[in-house]
Amino acid sequence: MLVRYTSDSRGKPVKKAVIYTKEEHKIPLKKVDPDALYIIRHLRECGYDAYIVGGAVRDLIVGKEPKDFDIVTEATPSKIKKLFRNSRIIGKRFRLVHVFFGQKIFEVSTFRSICEGSVGNSFGTMDEDVQRRDFTLNALYYDPLKEQVIDYVNGVEDIKKKVIHPVIPLDRIFVEDPVRMLRAVKYSATTGCKLPHSLKSKIRKSAHLLSPISPSRLTEELLKIINSGHSYEIVSAAMDADIFMYLQPSACSLMYADKNYEKKYMLHLKELDSLVKTEPESRLGKRLTYIVYDFISSLTDWQKEVSTKSAAGELYTKTWNQCRHFVLPMNPQRTELEYAIKNTLTQLGVGVRIGKKKKSSQLKNEI
């Protein structure tokens, strides 16, 4: 184990970070995506520090296959863009770069400063960047060229102990970004790490801060849950922490009012997770079906509607209007929600036509 030092105001050495060698962290280099390795190597060759950061490092340490390899560097977005022709800058407020290798996308961000707290946009150093990370298990930096893990916050030990600790002080972490509450619950549910009592209590007390969060951000987080393969565990944990009511208020209200509805809703989440694992390429509309099915089935006596030959088009229109409000504040792509509604109505015996998913080339021609 190596130690990185800095100096205090009197010039005395102060321990800054622990550096774990490959014999200690035991990350097999072959588990690192070769394209992520290429990005880091190219940045280094051009004189810029660069590391794999966040969830990928956590997964590599515990032996899991990372879904994404996020990269952080001292190079600014404009410089990164010049170095990689297969890239584009995204974001207006928080600018970063997406580097493309076929269907794979690597997110490359620049070290951020803490001069504006943990949500500012000024560029900074690695020492500052780590202080903006949400939880210790996501605040590790991996150097695949030297095969070292750099740990400023005791994250490796927290991963071993299976506990989630915040990097940012509790009195600021959720005030500065309330979505971190959802991430804490999600990490706990998907990694098996425990939320300390103090952190869980703070989440419950701060849950109301989610109210003013934009629908686009909540939609992004909710779609991650739907596509995670762990929606049952995450929603269960979110219910326990009193935050699900701010993510899906209509569904939550129905679950609180009717235990039978809750049982069916949670059962469908388990079925959704099975679908995600067995059909990883399934479309979002098919997955959304598991979210809206119980609501739609409760709207009317569908057997009676079918037996009396109610107009399918009229039934669809009425269902669409109610279902659109049911999923708020989530705002998924309209064609995918339409598919989910029509798929549900078909299962309930209503003869509606389900359109096929358009190819990207068709969508481009229509735009």
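Reader: Is Cys252 buried or exposed, and how should I read its relative accessible area?

Author: A residue is called buried under 20% relative accessible area, exposed over 50% and partly exposed in between, using a 1.4 Å probe and protein chains only. Cys252 has a relative accessible area of 1%, so this residue is buried, whereas Cys46, at 35%, counts as partly exposed. Please keep in mind that this is a predicted model, in which local features need pLDDT of at least 70 and side-chain atom pairs count only at pLDDT 80 or more, while totals for chains, interfaces and linings use all residues. Residues are numbered from 1 along each chain as its sequence is written, and side-chain values use heavy atoms, with hydrogens and water left out.

Reader: Which residues touch the most other members of the largest nonpolar core?

Author: A nonpolar core is a set of buried Ala, Val, Leu, Ile, Met, Phe, Trp, Tyr and Cys residues joined through side-chain atoms within 4.5 Å. The largest one has 94 residues, and those touching the most other members are Ile39, Phe135, Ile203, Phe244, Tyr265 and Ile296. Helix α14 (residues 284-297) contributes the largest share of this core, eight residues; helices here are DSSP runs of H or I with at least four residues, strands are runs of E with at least two, and both are numbered from the N terminus. A second, separate core has 13 residues, among them Tyr51, Val130, Tyr141 and Ile150.

Reader: How should I read an aromatic pair, and how many does a search of the whole structure find?

Author: A pair of aromatic rings is described by the distance of the centres and the angle of the planes. Rings of Phe, Tyr and Trp (its six-membered ring) pair if their centres lie within 6.5 Å, and planes under 30 degrees apart count as stacked, over 60 as edge-to-face and the rest as tilted. The search finds eight pairs. In one of them, Tyr51 and Tyr141 have ring centres 6.2 Å apart and planes at 80 degrees, so the pair is edge-to-face. This pair links distant parts of the chain, with Tyr51 in strand β3 (residues 50-53) and Tyr141 in strand β9 (residues 140-143), 90 residues apart. Tyr261 and Tyr265 make a stacked pair, 6.2 Å from centre to centre with 25 degrees between the planes.

Reader: Where do Tyr261 and Tyr265 lie?

Author: An α-helix has 3.6 residues a turn, so residues three or four places apart point the same way. Both Tyr261 and Tyr265 lie in helix α13, four residues apart, which is about one turn of the helix. Tyr261 counts as buried at 6% relative accessibility, and Tyr265 as buried at 1%.
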